[in-house]
Amino acid sequence: MATDLKTEFFKKFVRNNRIVYGLLMFIAMFVRGSGVTKSTFVLVYYVAAGLLMLIIDELLFSNIIKRIEQNKAKIPSFIIKIRTILYALLLSVGSIFSEVPGVLLVSVFFICFYVILQDMLFSDIFNTFSNEIRLLFSMGIATFILFFIHYRHKVDGGWFIIFAFGMGIVLFVVHIVYDAYYSTVKDLDDQYTKLFFKNTDLMAENEKLVEFREKVEKVNSEINYQKINLTKANSDLENTNIESRSLIEVMKYFSASFDVQKNVHIMIENIMNVKKAGAVGFYIDKDVYMNDDPCVDVISVNDVMGTMIKQDILNIYNMIKNRNSTEPVVLCDNYDFKYPFLSGGNICNAVAFPAYENENVYGVMVVSSSKYEFFQNGHSFYESSVMDFTSALISDRLYLKTEEMAKKDGLTKIYNRIYYNQFYPELMDEVLATGEKLTVAMMDIDHFKSVNDTYGHLAGDEVIKMVAGVDAKYAKKYNGKAVRFGGEEFLLILKGIGVDEAYSILDDMHKEIVANVVEFEDLKIQVNVSMGLASYPETCEDIGEVVDKSDQALYYSKEHGRGRITIDGREEE
């Protein structure tokens with residue numbers, strides 16, 4: 001029996017016993033108070049007996065309940081057995097000393113029978129001989145005292161047989177009750193035993209079912225895991241296909257375009273679209289593809305992230321170049337910044353991918369995102385993008401060099417007469433369409449034949465390169481074009497600049513040329529130039545005559561002292 005059930009069982013007995021013993025004391029007081037009996041002994045004895053049994057039960061059962069709740073050893077069974085005999089004697093002995101009214105006598109008899117029933121219920125082990133004999137003895141003694149001894153002076157002769165027969169009936173009833181209770185308990189015990197073994201078999205079967213279920217669940221888990229892996233593999237394969245197709249499309253664009261800066265933009269735009277990055281920036285150092293200045297391009301989903309990359313990409317490039325390694329560099333890993341770059345732009349992950357050619361780093365691509373675990377699928381797509389761009393850059397550079405060689409003079413590296421013949425007509429059409437100004441300055445090295453005759457042609461080449469260099473410098477400064485028009489003749493073509501501003505520019509050029517002494521071997525050669533200036537529409541109304549007018553102005557400078565600047569139409573000023 002479970003602990004809770006045992007505790008509740010004994011608590012109910014305590015409550016029932018209180019009621020029974022209370023009724024005993026009440027009946028004793030009632031028969032005395034109502035005058036049924038005049039014996040004060042009966043009143044005192046049975047009230048005391050009821051109190052004594054109540055105290056004993058309170059102490060005994062409270063101890064039993066406490067031991068059950070604390071899982072301690074139970075009270076020995078002989079205490080209960082002694083209790084039964086003691087109560088039977090205590091209840092019956094009082095009738096020996098005084099006549100007990102019938103109602104009280106019957107009540108005492110049934111309380112004795114109630115105590116016998118309790119003893120049966122408290123028995124954990126049934127013995128058909130010792131337990132039954134003890135109970136029959138206890139009930140027999142109580143019956144004998146209550147009826148035979150109590151009424152001995154009122155019964156004579158054969159009437160004793162009637163008392164004996166009644167006592168036998170009482171004992172037989174006790175026997176029947178005990179036997180019925182014993183049989184019931186035995187049947188229940190047998191059923192319990194059968195149920196126990198059946199339950200044991202069921203538990204064994206249940207364990208097998210649980211084990212089988214665990215195996216099934218394990219198989220299902222493995223199947224689900226395989227499904228997840230297969231789904232992930234399909235997703236990765238699909239992403240790989242998308243990435244591969246995008247790289248192929250970008251390469252197609254690279255093969256059809258020789259605009260390096262445009263190619264950079266297409267590449268980082270493709271990365272933004274495919275990978276959904278937060279920002280992508282690309283930096284190319286100067287002189288990589290005939291570019292005089294570094295190239296920087298950034299695309300971002302918000303201005304803050306784009307600004308952070310623009311601000312730090314040069315420092316990131318210098319750090320990459322100093323590392324002397326072509327491996328990607330993790331700048332930030334899930335908000336863990338490895339280097340003092342890009343902080344403050346809500347960047348969660350950022351990686352720098354070196355752009356290199358023959359192990360020489362020429363640039364860097366920075367990819368950043370505010371997403372957690374953004375680079376969990378690796379870096380291969382980004383590295384492939386940079387490598388494809390590098391391959392295209394090599395082709396573009398070869399093409400640009402070839403084109404540049406066709407456009408520029410081999411000695412001075414400024415535009416040659418052939419390229420001038422191509423671009424100048426287009427420039428005139430553009431100026432006519434926009435209404436802008438077009439100014440042309442033609443210059444010639446003074447006494448250049450004497451330089452060649454005196455110092456040699458190699459020295460003359462150095463003089464030409466120096467003048468061409470100054471021409472190219474000012475052309476770049478004012479967004480114009482420098483052209484070697486003839487042997488020692490040069491053009492400076494300026495769009496959108498009028499006569500007065502152009503004259504100031506030429507004056508600065510003339511001063512710089514004069515100040516630059518050409519050193520060749522042990523020689524120091526002083527150089528001077530003559531210049532002519534013409535402008536549309538300020539000095540000539542026909543745009544097609546601007547070059548001729550500048551040539552006429554140059555001729556005037558040559559004829560009138562050299563080393564001077566002449567403006568078309570203002571020769572006399």
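Two strands pair if DSSP finds at least two bridges between them. Strands and helices are themselves DSSP runs, numbered from the N terminus: a strand (E) has at least two residues and a helix (H or I) at least four.

The model is predicted: local features need pLDDT of at least 70 and side-chain atom pairs count only at pLDDT 80 or more, while totals for chains, interfaces and linings use all residues. Residues are numbered from 1 along each chain as its sequence is written, and side-chain values use heavy atoms, with hydrogens and water left out.

**Stop 1: the open sheet**

Begin by selecting strands β3 (residues 329-333) and β5 (residues 349-357), which pair in the antiparallel sense over three bridges. Within this pair, C332 stands opposite A350 of β5. The hairpin of β3 and β4 has two residues between the strands, and in it N334 takes a positive phi near 55 degrees.

Now display the whole sheet. It is open and antiparallel, with six strands in the order β2-β1-β6-β5-β3-β4. Because β2 (295-300) and β4 (336-337) stand at the edges with a single partner strand each, one side of each is left without a neighbour in the sheet.

**Stop 2: an enclosed strand**

Select strand β7, residues 438-445. Why is β7 largely enclosed by the rest of the structure? Eight of its eight residues are buried, so the rest of the structure largely encloses β7. Buried means under 20% relative accessible area, exposed over 50%, and partly exposed in between (1.4 Å probe, protein chains only).

In a regular strand the side chains alternate between the two faces of the sheet.

Which strands pair with β7? One is β9 (residues 489-495), antiparallel to β7 over seven bridges, where L491 is the bridge partner of M442. Another is β12 (residues 529-536), joined to β7 by eight bridges and also antiparallel; its A534 stands opposite V440.

**Stop 3: surface patches**

Patches are made of residues with over 30% relative accessible area and no salt bridge; like charges are joined within 9 Å, and nonpolar side chains (Val, Leu, Ile, Met, Phe, Trp, Tyr) within 5 Å. A salt bridge is a side-chain nitrogen of Lys or Arg within 4 Å of a carboxyl oxygen of Asp or Glu. Accessible areas come from the Shrake-Rupley method with a 1.4 Å probe, and for residues only the protein chains shown count as cover.

Select F78, I79, I82 and L86, a nonpolar surface patch with about 360 Å² of accessible area together. Of these, L86 is found in helix α3 (residues 77-97) and is partly exposed, with a relative accessible area of 42%.

**Stop 4**

Finally, select D4 in helix α1 (residues 3-33). D4 is exposed, with a relative accessible area of 66%. Its C-alpha atom is separated by 9.9 Å from that of I65, 61 residues apart along the chain.
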